[in-house]
4 protein chains.
Amino acid sequence: MEPVVYERQVYYYETDRMGCVHHSNYIRWFEEARVHFMRERGFPFEELEAGGLVSPVLQVEAQYKSMARFGEAVRIEVWAEDYTGTRISFRYRVRDKAAGTLRCLGRSAHCFLNGTGRPVSIKKALPAYDAAVRRGLFMEEQPEEET
Amino acid sequence: MEPVVYERQVYYYETDRMGCVHHSNYIRWFEEARVHFMRERGFPFEELEAGGLVSPVLQVEAQYKSMARFGEAVRIEVWAEDYTGTRISFRYRVRDKAAGTLRCLGRSAHCFLNGTGRPVSIKKALPAYDAAVRRGLFMEEQPEEET
Amino acid sequence: MEPVVYERQVYYYETDRMGCVHHSNYIRWFEEARVHFMRERGFPFEELEAGGLVSPVLQVEAQYKSMARFGEAVRIEVWAEDYTGTRISFRYRVRDKAAGTLRCLGRSAHCFLNGTGRPVSIKKALPAYDAAVRRGLFMEEQPEEET
Amino acid sequence: MEPVVYERQVYYYETDRMGCVHHSNYIRWFEEARVHFMRERGFPFEELEAGGLVSPVLQVEAQYKSMARFGEAVRIEVWAEDYTGTRISFRYRVRDKAAGTLRCLGRSAHCFLNGTGRPVSIKKALPAYDAAVRRGLFMEEQPEEET
């Protein structure tokens, strides 16, 4: 799927005593990029929450290739890897904005929980949101499976 | 009032590219120390939340005296400065644990809100908690109502 | 002095279990706004570091007026309050971007240290940077005091 | 290899608007546990830095199993998975301290860089530290050079 690009500055408070961005902050940047992607593609995170759902992280992974520093900006490509109606996963590619140097590759996987913390199918719990996700990801609308 | 002492290590991720702890983290340490104080003095924060209240920060202030570094531990003295039943304020003194060098002085002030975000008097909303706070702060029990 | 405006989204990871932005993050936003101000006004922080200096925070203060939430953007007005050649202080006014609601007022004060951690006068240590600060703050160029 | 146990409280500022600990903080807890492990096993991180080296993260991964909340403590088992002299990797198992519920599984991999940012072999750059690592990990001392 086509990535969405999210750009942001590196903040001073994101650096550590090694002089570059602390590795944990890339996990936070992934979230920023994911939220941006969902908004750009027409299924904002806020709508999920307005529907009474949350979307916790099941798994996250990052491979660090080079170090981002204060004063730079990063350019994050983010795209959805998979969406099943009960789970969604994303991939991330972080580059230095100016030179294009690869900084980090990432991946995250998420499920959906209702207000009592039970896993739900978006298709059943919030069908309009499910349709928006599929449109946003350019997925074929699934036939409604005899229901 | 007598301070309570809270100690903790400095974490690597709390440092910045200057090589020492980023100043925003002291504000977080104040919170850790405050939560510790409230537990030690018999009015844990969790009870406030169990009673349906939250306690947002109204004001915070820090004066930085010297720099804490990775590998060190800090020793934070925390004490309540004032409690009125609708507001509580705390003071903080952060020292290097080993040498006692003063790192930071702080102050924070807090109110209490109910579930709809309205300011409340603890005395009215959670009288048992109010009594626990007063006992914990060694305050004279206020005569009930007739004042 | 005329404020510079800095805008940014509220990130999900900046919220806490109260449902709004954790108060410590405003201190970090002040830093973002300050770095933006220094760049906009022609005396970027990176030049200070390139000159071998750092600029630690001496004092920070925030008054919280209302709560910023995920999904919102904030608009931060930042301006320099005072610059003496050895110290600089800033003020901050954080508003909700959409409605203009006041979220937080802040202030920070900073000194300048050389590579060995000694306080320095910018005027003596980095005179070109001192001149850039004064131009950026629309301060009268000080006569060179018989040196 | 035998794990080392590291325990700590969950801090209020580590929670997010979902009401539990933000997933990025586990990555920070891994670092705390790793630093604790290295100290306990006789090869403290500070010695590596005193030798002019840094140890950036090459890869990190977390699988989230359940949600830690404010008011709880966590108990993190940390152990070294592999050490080659140029790389070291760790594994992490985070449990609720009280009930033992599994919260998160993790893994991180690290290399070693010298002051100019070049990857180095600890065995060559800091042989005494290399020996301490091997002792701490109960690894057979490698026969010197002739292999």
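## Exposure and position of Arg135(C)

At 53% relative accessibility, Arg135(C) counts as exposed, where exposed means over 50% relative accessible area, buried under 20% and partly exposed in between, computed with a 1.4 Å probe on protein chains only. Arg135(C) belongs to helix H4 (residues 127-136) of chain C; helices (H or I, at least four residues) and strands (E, at least two) are DSSP runs numbered from the N terminus. Gly115(C) is 20 residues from Arg135(C) along the chain, and the C-alpha atoms of the two are separated by 26 Å.

## Basis of the model

The model is predicted: local features need pLDDT of at least 70, side-chain atom pairs count only at pLDDT 80 or more, and totals for chains, interfaces and linings use all residues. Residues are numbered from 1 along each chain as its sequence is written, chains are lettered from A and ligands numbered from 1 in the order in which they are written, and side-chain values use heavy atoms, with hydrogens and water left out.

## Chain A

Chain A contains four helices and five strands, arranged along the sequence as β-α-α-β-β-β-β-α-α. Along the principal axes, its C-alpha atoms fill a box of roughly 55 × 30 × 20 Å. Of the 147 residues in chain A, 56% are buried.

## Helix H1 of chain D

Helix H1 (residues 24-40) of chain D has 17 residues and should span 24 Å at 1.5 Å a residue; its end C-alpha atoms are 25 Å apart, which agrees. The expected span is 1.5 Å times one less than the number of residues. H1(D) is mostly covered, with 14 of its 17 residues buried. Just after H1(D), Gly42(D) adopts a positive phi of about 90 degrees.

Strands of a sheet pair through backbone hydrogen bonds, either parallel or antiparallel. Here, ten strands form an open antiparallel sheet in the order E1(B)-E3(B)-E4(B)-E5(B)-E2(B)-E2(C)-E5(C)-E4(C)-E3(C)-E1(C); two strands pair if DSSP finds at least two bridges between them. The edge strands, each pairing on one side only, are E1 (4-9) of chain B and E1 (4-9) of chain C. Neighbouring strands are turned by 20 degrees against each other on average, direction ignored. For such angles, axes are lines fitted to C-alpha atoms, for helices over the stretch in contact, and values run from 0 to 180 degrees between N-to-C directions. Strand E2 (residues 57-64) of chain B is joined to E2(C) by five bridges, and the two run antiparallel; Gln59(B) stands opposite Gln63(C).

Within chain B, strand E3 (residues 73-83) has eight of its eleven residues buried. Six bridges link E3(B) to E1(B), with Gln9(B) opposite Ala73(B). Nine bridges link E3(B) to strand E4 (residues 87-96) of chain B, with Asp82(B) opposite Ser89(B). E3(B) and E4(B) form a hairpin with three residues between them, and Gly85(B) in the turn has a positive phi of about 95 degrees.

## The largest pocket

The largest pocket holds about 610 Å³ of space. A pocket is an open set of points on a 1 Å grid over the protein atoms alone, where a 1.4 Å probe fits, with protein on both sides within 12 Å along at least five of seven lines; lining residues have an atom within 4 Å of a point. Grid points are joined across faces, edges and corners, and the volume is the space filled by probe spheres set on the points.

Of the 36 lining residues, the closest to the pocket centre are Met18(B), Met67(B), Ser55(C), Pro56(C) and Val57(C). H1(C) gives the largest share of the lining, four residues. By class, the lining has 21 nonpolar, ten polar and five charged residues; Ala, Val, Leu, Ile, Met, Phe, Trp, Tyr, Cys and Pro count as nonpolar, Asp, Glu, Lys and Arg as charged, and the others, Gly among them, as polar.
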